[in-house]
Amino acid sequence: MLIKKPGDIKPSEITDESVYMRRREFMQTTAGLALLPFVKTASAKTEAALKHVKNKKFSTDEKLTDHASITSYNNFYEFGTDKTSPAKYADRLTTSPWSITIDGEVAKPGKYNLEDILKPHSLEERIYRLRCVERWSMVVPWIGFSLADLIKRFEPTSKARYVQFTTLYRPSEMPGQKRSVLEWPYVEGLRIDEAMNPLTFLAVGLYGKVMPKQNGAPIRLVVPWKYGYKSIKSIVRISFVQNEPPTSWNLSAPNEYGFFSNVNPEVDHPRWSQRKERRIGEFLRRDTQMFNGYGEQVASMYRGMDLRKYY
Ligand SMILES: Nc1nc2c(c(=O)[nH]1)N[C@H]1C(S)=C(S)[C@@H](COP(=O)(O)O)O[C@H]1N2
Ligand SMILES: [Mo]
């Protein structure tokens, strides 16, 4: 649906967000609803604005992917395996109240309300590239704060070599969890230095507003130099551990998805090359960049590692 031929690109796709939103509101309130009764999706809702400052230093100046694509072309298997299901079904997810359990090798473990987690952090906007392992990419204006700032508050011990993240398990609201396409709950992990890297981000919004549910509300990870699946959504647990933790896609297909999952055009997926990608909204494919273009900030963490072995 969103991979378009040049003839399909309409002027509406190059309008800015405010024009787009007005058009969207018009569509919702008038003819749109009558003509298209089945396309009412979670993305049709207008989320609350979030106060934030722009972080230019950490942002790409590439053209943003339009809001409609970011919120209607998603991977969130808890709501179904096709790209349009999250926008259709994520609305039923209850995101408030929300708590996050912090445990393992940490001085201040506990179960914390999201409000208490967020309170000390001021929000900033960071425009990051997101590169999916399926060879499409987007440019997303996230709102959030650096994971390192959160980690420091809870004081991991010297035994904390990895961080594991867990998504909510609630099949009553996440219908995809009734099917065994993956082991549930969805889990992901980072080495502690990756988690502490200044690029690693916890996002609570996008396009200046509260995170749409299909994008991982109320809080999700964003790791811009790794394939999209590392950016785990709707997080309820952050655990500090000694050994490399299991990750959902590695459990599902270990020969295809390794623990590191750094974007790497030199290492093919067993079923396809990773050299090129299609930026959503564009026709011609682009060359994929090593570490998704973030090598300057992250390459030193992998010096001396064989990235064919540690894919
Ligand atoms: N819990 C959970 N997190 C997830 C996924 C998922 O299925 N479940 N999909 C991942 C994949 S494959 C990608 S590409 C990104 C997509 O994020 P987006 O929908 O905000 O673009 O989310 C990642 N996080
Ligand atoms: Mo992905």
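Of the 18 residues around ligand 1, those that come nearest are Asn-74, Tyr-77, Glu-78, Ser-231 and Lys-233, a residue counting as near if one of its heavy atoms lies within 4 Å. The model is predicted, so that local features need pLDDT of at least 70 and side-chain atom pairs pLDDT 80 or more, while totals for chains, interfaces and linings use all residues. Residues are numbered from 1 along each chain, ligands are numbered from 1 in the order in which they are written, and side-chain values use heavy atoms, without hydrogens and water.

- Lys-233 places a polar side-chain atom 2.6 Å from an oxygen atom of ligand 1, and Asn-74 places one 2.8 Å from an oxygen atom of the ligand; a polar contact is a pair of N or O atoms within 3.5 Å.
- Ser-231 contributes a backbone N or O atom, which lies 2.9 Å from a nitrogen atom of ligand 1.
- The protein buries 98% of the 530 Å² that ligand 1 exposes when taken alone (Shrake-Rupley method, 1.4 Å probe).

**Ligand 1: shell**

- Nine nonpolar, six polar and three charged residues make up the shell around ligand 1; Asp, Glu, Lys and Arg count as charged, Ala, Val, Leu, Ile, Met, Phe, Trp, Tyr, Cys and Pro as nonpolar, and the others, including Gly, as polar.

**Strands S2 and S3**

- Strand S2 (residues 99–104) and strand S3 (residues 110–113) run antiparallel and are joined by four bridges; strands are DSSP runs of E with at least two residues, and two of them pair if there are at least two bridges.
- A hairpin of five residues connects S2 to S3.
- Opposite Thr-101 stands Lys-111 in S3.

Note on methods. Polar contact = N/O pair within 3.5 Å; in protein donor to acceptor, adjacent residues only side chain to side chain.
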